[in-house]
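Dear colleague,

Please find below the structure I promised to pass on to you, together with its sequence.

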Amino acid sequence: MSVHPNLDGVALDADDTLWHNEELFRQTQAEFRRLLSNYHDDDWIEQRLYDTEMRNLAHFGYGVKSFMLSMVETALELTEGRIQGVEVQRILELGKAMLAAPVQLLDGVADTLETLAGDYRLVLITKGDLLHQESKVERSGLRSFFRAIEVVSNKDAPTYARVLSRHGIRPDRFVMAGDSLRSDVLPVLELGGWGVHIPYPTVWQHEAVDGAPPTGPRFARLDTIAELPALLRGIAERA
């Protein structure tokens, strides 16, 4: 149970909520475009890479390893198989560099989690490759703040329902905070929980949501994670 009697659990996303992630992908995409610049223009390379990523989600899921395979596949397609072995090796090196990249926390994260851990049952819910996400959690220095770590293949309402059931958390006594409306907020609102959006400056195209943002008493938008403790106190009082 949570320390606070009115909430069963407070969950946070990891990538671009606790630490920087999207910028690393964008930097790697820029290197990938430069690698293929003799074959196609930047916009076409970027679009074909995104299309390949979307096709491969069903096969490889989310994460750097999936992205690496999609880069190799895209390069083979765009060069009609003419890409050199040394260029494929460079793509693999880019992916390995992403896997080994330092975990850079967002401002205020460590202090905020230290504050929250004393008052709430914290759960980390993130999607991606299990090995890589577990490695980032350990290297982040944040592991001790969380009662549980959940690495899932997707973030939709059925997935959240299974996670909450496994931990004995009622949806109406659950708060989820993250940078993605699609993955961190809308599925939780659908279940009757509380969704907190903490936008990151850049958004992966796949996570973008068309139309107006959600409204209602169970939705909130914050500028930074440092605002979360005050918001949770208000939610706990109303829950």
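In strand 3, the residue that I125 has as its bridge partner is E150; please bear in mind throughout that this is a predicted model. The pair belongs to a set of five bridges by which strand 2 and strand 3, running parallel, are joined. E150 lies on the covered face of strand 3 along with A148 and V152, whereas I149 and V151 make up the uncovered face.

Taking the sheet as a whole, six strands are arranged in the order 3-2-1-4-5-6, with parallel pairing, and the sheet is open. Strand 3 (148-152) and strand 6 (219-221) are the edge strands, and each has a single partner, so one side of each has no neighbour in the sheet. From one strand to the next the twist averages 20°.

Strand 1 (residues 9-12) is joined to strand 4 (residues 174-178) by four bridges, the two running parallel, and within strand 4 it is A177 that stands opposite L12. Helix 7 (residues 157-166) touches strand 2 (122-127), strand 3 and strand 4, and its direction makes about 155° with that of strand 3. Helix 9 (residues 228-238), for its part, touches strand 1, strand 4, strand 5 (194-197) and strand 6, with a direction at about 165° to that of strand 5.

Strand 1 is also joined to strand 2, in this case by three bridges and again in parallel, and the partner of V10 in strand 2 is L122.

Helix 1 (residues 22-35) and helix 4 (residues 85-100) pack with their axes 11 Å apart and at an angle of about 170°, so helix 1 is roughly antiparallel to helix 4. On the side of helix 1 the contact is made by L24, F25, T28, E31, F32 and L35, and on the side of helix 4 by E87, R90, I91, L94 and M98. By class, the residues of this contact divide into seven nonpolar, one polar and three charged.

One further residue of helix 1 deserves a note, namely E23. Is E23 buried or partly exposed? With a relative accessible area of 31%, E23 counts as partly exposed. Leaving aside residues up to four places away in sequence, E23 touches Y200 and T202. From E23 to V103 the C-alpha to C-alpha separation is 12 Å, although the two are 80 residues apart in sequence.

Conventions:
Residues numbered from 1 in each chain as written. Predicted model: local features only at pLDDT ≥ 70, side-chain atom pairs only at ≥ 80, totals over all residues. Heavy atoms only, no water. Pairing = 2+ DSSP bridges. Axes fitted to C-alpha atoms, helices over the stretch in contact; angles between N-to-C directions. Contact = heavy atoms within 4.5 Å. Buried < 20%, exposed > 50% of the residue type's maximum accessible area, 1.4 Å probe, protein only. Parallel < 35°, antiparallel > 145°, perpendicular 65-115°, else oblique. Nonpolar A, V, L, I, M, F, W, Y, C, P; charged D, E, K, R; others polar.
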